[in-house]
Amino acid sequence: MGWCPEIGASGRSQQRVDFARDVHPLLEARCYGCHGPKRQRGKLRLDRRPPLPGVVVAGDALASPLFQRVTNSDPEERMPAEGEPLGAQEIDVLRRWIEEGASWPADERNEHGDAGLHWAYVLSSRAELPPDPFGDWARNPIDRFVAQRLSEQGLAPSAEADRATLIRRASLDLTGLPPTPEEVERFASDRSPRAYEELLERLLASPHYGEHQARAWLDLARYADSDGYEKDDRRSVWRWRDWAIEAFNRNLSFER
C-alpha cells in the first residue's frame, strides 16, 4: 500500500510526527525502490536505522542532505530519481520529522531496526484523556479523542441519529445483517438508559457476530469450500472456518 497524504499528513499539523505512522509509509512508497532492501544506490539504505552518517541532521532539515535532495529545484539532482517529485505534504512531513529530532522506533527484535518500523511492534501506552471541546458531548473516553480530532479539523459533531438508524448501523456493523421490523420497533420504544448497551450486548451474543467478523479473515486466507476453478474439487477445510467463527463468538484473544 502506498503512502496516503490523507492518512499520513493531512490534519496532523498540531500533532508530533510519528515515524511508523507518517514517515515510514512515505519512504517505503517513494524511496525504497532505490534505497531499500533490494537496491541501495550510493550505498544508501533508508529501511534500516541509522542511514549513512550525516544524511539526516536531527533538528535541522535544511542541513540534512536527505531533505536537500528531495527539495532540490534541479531535476538532475532532485530525489526521487524515478517518478514524480515529492508533494508539498510529503515534504512537510519529512521537514517536521527531522526538526522534531528525526526519532526512529526502538528496535527490540533485531540489530537492524526493521521490526521497529511497524506499529504492531510498538508497545502501546495509556494516553491521557483530552478535554471535551464541545462541553458534555462525549459519552465515553473514545468520544473525547473523536471530539478533539473534530475540533482540530474545524468540524462539529453531527446530530444524534434517530433510533431506527442507530439499530440499523449497529446491526450491520456487528452482524452484517439488517434488523427485523420487530427489532427496530422494540428498540425505538425502549427508553431505558441502557437500551443501546443492551442492544450491543445482544448483537455481540449473536452467532452471526462471529460469522460476520470472521468473513474478512476467511477472505484474506482465500477460504472456499471448493477449488473454484474448472475441476471444482471439494476441500475439507470447513473445520478451520468453524473454528475462526467460534473464536470471535468466544471472544478469543488474538495471541490464542
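Tutor: Start with a pair of helices. H2 and H5 cross in a left-handed way. Keep in mind that this model is predicted.

Student: At what angle do H2 and H5 pack?

Tutor: Helix H2 covers residues 19-30, and its angle to H5 is about 125 degrees. The two axes are 10 Å apart. H2 and H5 are therefore oblique to each other.

Student: Which residues of H2 and H5 meet?

Tutor: From H2 come Phe19, Asp22, Val23, Leu26, Leu27 and Arg30. H5 brings Glu90, Val93, Leu94 and Trp97. Sort these by class: seven are nonpolar, none is polar and three are charged.

Student: Let me try another pair. How do I read H7 and H8?

Tutor: Take the angle, then the handedness, then the residues. Helix H7 is residues 163-175 and helix H8 is residues 181-189. They pack at about 125 degrees, with axes 9 Å apart. That angle makes H7 oblique to H8.

Student: Is the crossing of H7 and H8 left-handed or right-handed?

Tutor: Right-handed. In the contact, Arg163, Ala164, Leu166 and Ile167 of H7 meet Glu183, Val184, Phe187 and Ala188 of H8. That gives six nonpolar, no polar and two charged residues.

Student: How do the axes of H10 and H11 lie?

Tutor: Helix H10 (residues 207-220) and helix H11 (residues 238-249) have axes that come within 7 Å. They cross at roughly 120 degrees. Angles of 65 to 115 degrees would count as roughly perpendicular. H10 passes H11 in a right-handed crossing.

Student: Which residues in H10 and H11 meet?

Tutor: On the H10 side, Pro207, Tyr209, Gly210, Glu211, Gln213, Ala214, Trp217 and Leu218. On the H11 side, Trp240, Arg241, Ala244, Ile245, Phe248 and Asn249. The classes here are nine nonpolar, three polar and two charged.

Student: How many aromatic pairs does a search of the whole structure find?

Tutor: Five. To read one, check the ring centres, then the planes. One of them is Trp217 with Phe248. Their ring centres are 6.1 Å apart and their planes are at 70 degrees, so the pair is edge-to-face. Planes over 60 degrees apart count that way.

Student: Now the backbone. What should I expect?

Tutor: Most residues other than glycine have a negative phi, and most peptide bonds are trans. Look for the exceptions.

Student: What kind of peptide bond joins Met79 and Pro80?

Tutor: A cis bond, with omega about 0 degrees. Pro80 is in the loop between helix H4 (65-70) and helix H5 (88-99).

Student: What is the phi of Ala102?

Tutor: Near 50 degrees, a positive value in a residue other than glycine. Ala102 lies in the loop between H5 and helix H6 (141-152).

Student: Last topic: confidence. What pLDDT does the chain average?

Tutor: It averages 85, and 84% of the residues score at least 70. Over residues 1-13 the pLDDT stays under 50. The model still has 28 contacts for that stretch beyond four places in sequence. Residues 107-115 are also below 50. There the model has 16 contacts beyond near neighbours in sequence.

Key
Residues numbered from 1 in each chain as written. Predicted model: local features only at pLDDT ≥ 70, side-chain atom pairs only at ≥ 80, totals over all residues. Heavy atoms only, no water. pLDDT = per-residue confidence, 0-100. Contact = heavy atoms within 4.5 Å. Axes fitted to C-alpha atoms, helices over the stretch in contact; angles between N-to-C directions. Helix = DSSP H or I, 4+ residues; strand = E, 2+ residues; numbered from the N terminus. Left-handed = near helix turned anticlockwise from the far one by under 90°. Nonpolar A, V, L, I, M, F, W, Y, C, P; charged D, E, K, R; others polar. Parallel < 35°, antiparallel > 145°, perpendicular 65-115°, else oblique. Phe/Tyr/Trp six-rings, centres within 6.5 Å; stacked < 30°, edge-to-face > 60°.
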